[in-house]
Amino acid sequence: MEYSDYIDDAEVGEEVPLLQVIEFDLSLELRGERIDKAIARVLPTYSRSRIQQWIEAGLVYENERQIQAKDHAMGMEHIKISIPPDPQNTAYHAEDLPLEVVYSDSDIALVNKPYGLVVHPAAGNWTGTLLNALLHHFPECSEVPRAGIVHRLDKDTSGLLVIAKTLEAQHALVQQLQSRSMERKYIALVWGKTPMSKVIHGAIGRDSKDRLRMSMQASGGKEACTHLTTLYHALFENKPISLVSCELETGRTHQIRVHLESLGHALVNDPIYKNKIPHQTSLVLKNQLFDKGIQFPGQFLHAGLLGLEHPRTKELVRVHVEPPSAFLQTLEFLNIPRSVWEKVFD
C-alpha cells in the first residue's frame, strides 16, 4: 500500500459501511432515474461511485433480481443491498499506544501525531500505527472504515489529524477535503533563500524511475497547489536556511516536499527529496545538532494548524499545536525567534 497524505489522493474506500444488508423502497418520484442515481438519492451518505461499484459487484437486488447498471427506476421497487464487511476493519487490532488528543466529542477527534509514527498499517508496519492506537482510545472507530482516518501525514511529519467516529462524520470530512474548505497550515525548515510568498502549482504523480518518490509531472499527475510564505531567513555555515509556512489547497502524497524541492528548496534533513541541497553543510548541521543531543529522524515539517466545519453542529473547529521539542531546539540553535512561527497558528 502506498502512503497518502490526504484522502483525495487515496483510493476511496472510506464510505464502505459495516452493515451486512441495507433495505428500502424507491418512491414513485424517482421513476425514470438511472438506478444508481435513484439509490444515491435515497442513500446520500454513500457516493454514487460507491453505489455503482456495488451494482457492478452484483450486490444490489430488486425483489430478488440482480440490478444491472443500465437499469432505470420504475418506482416502488424494494431494493436490497448485501454488502460484505470491509476487510480493513477486521485486519487490524487495538493497541494501547500513547496518543495526544487535542479535541474529542462524539463525532470527531483531533490528534497530534508525533514524528516517527506511521498512520496506517501496511507491509512492514502492521502494528504500532496510529490506526492501532485509535482503535484502543476510541473503540467506536472500529465501526468506521480505516478507523475513521480521513487524511494522513508522512511517518516523519508531525502534527494534526482529524478522525471521524461515525460514518456520517467521515463522509462530511471527506467532502470538506475534496471541496478544499479544510484549513491546513504547516511550517517547514528548508535549504536556500525562499521567496517571500509564492503560490506553487504543479501536478504530482508517482516517479516512474523511483517508486519511493513522487514528482512534478506535465501529464498524468494530479493537480496540486501549495501557498508558500517565508517567515525567516537564517544562515548556517554561510548557507541560507529558511523557515516557511505552507497552506494546502490539495493534499497530494508528499506535496509540500515535492513542491519545495521543485523550487530548489528541499526540506532540511529530508531523506528522499534532496536535490540541490548543500550536502556537506547538511552533514555538518546534522552532526552539530547530534552533539547537542538534538536528533530529528526525517524532514522538518509540522502540520501545526487544522480548521474545519464540525460535521454535525456546523460550528468552526480550529486548533493548533506547536512543533516537537527537537524541531523547536533546532530553530533555537539557528537563532530563529519563536515569535515568527507562532503567528502562523494564531
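Reply: What follows goes through confidence, a sheet, a loop residue, aromatic rings and salt bridges in turn. This is a predicted model, in which local features need pLDDT of at least 70 and side-chain atom pairs count only at pLDDT 80 or more, while totals for chains, interfaces and linings use all residues. Residues are numbered from 1 along each chain as its sequence is written, and side-chain values use heavy atoms, with hydrogens and water left out.

Me: What average pLDDT does the protein have, and over which residues does pLDDT stay under 50?

Reply: Where pLDDT is low, the predicted coordinates should not be read in detail. pLDDT is the predictor's confidence in each residue, from 0 to 100. The protein averages 89, and 91% of its residues score at least 70. Over residues 1-18, however, pLDDT stays under 50, although the model has 82 contacts there beyond four places in sequence (a contact means heavy atoms within 4.5 Å).

Me: In what order do the four strands of the open sheet lie?

Reply: Strands of a sheet pair through backbone hydrogen bonds, either parallel or antiparallel. Two strands pair here if DSSP finds at least two bridges between them, and helices (H or I, at least four residues) and strands (E, at least two) are DSSP runs numbered from the N terminus. The four strands form an open sheet in the order 1-4-2-3, with antiparallel pairing. Strand 1 (21-25) and strand 3 (65-66) stand at the edges with a single partner strand each, so one side of each has no neighbour in the sheet. Strand 2 (residues 60-62) and strand 4 (residues 78-82) are joined in the antiparallel sense over three bridges, and Tyr61 has Lys80 in strand 4 as its bridge partner.

Me: Is Arg213 buried or exposed, and which residue does its side chain join in a polar contact?

Reply: Buried means under 20% relative accessible area, exposed over 50%, and partly exposed in between (1.4 Å probe, protein chains only). Arg213 lies in the loop between strand 10 (204-206) and strand 11 (214-216), and with a relative accessible area of 14% it is buried. Its side chain joins that of Glu261 in a polar contact of 3.1 Å (a pair of N or O atoms within 3.5 Å; within protein, one must be able to donate a hydrogen and the other to accept it, and residues adjacent in sequence count only if both atoms are side-chain atoms). Leaving aside neighbours within four places in sequence, the contacts of Arg213 include Arg206, Asp207, Ile272 and Tyr273.

Me: How many aromatic pairs does a search of the whole structure find?

Reply: Rings of Phe, Tyr and Trp (its six-membered ring) pair if their centres lie within 6.5 Å; planes under 30 degrees apart count as stacked, over 60 as edge-to-face and the rest as tilted. The search of the whole structure finds six such pairs. One of them is the stacked pair of Phe296 and Phe300, at 4.1 Å centre to centre with 15 degrees between the planes. Phe296 is buried at 9% relative accessible area, and Phe300 is buried at 1%. The rings of Phe296 and Phe327 have centres 5.9 Å apart and planes at 85 degrees, so this pair is edge-to-face. Phe327 is buried too, at 0%, and Tyr115, Phe296, Phe300 and Phe327 form one aromatic cluster.

Me: Which residues form salt bridges with Asp36?

Reply: Side chains of opposite charge can pair when their charged atoms come close. A salt bridge is a side-chain nitrogen of Lys or Arg within 4 Å of a carboxyl oxygen of Asp or Glu, and by this rule the count comes to 18. Asp36 meets Arg34 in a salt bridge of 3.1 Å, N to O, and Arg48 in another, with the closest N and O atoms 3.1 Å apart. Arg48 lies in helix 2 (residues 48-56) and Asp36 in helix 1 (residues 35-42), so the pair ties together parts 12 residues apart in sequence. Asp36 is buried at 1% relative accessibility, whereas Arg34 is partly exposed at 36% and Arg48 partly exposed at 34%.
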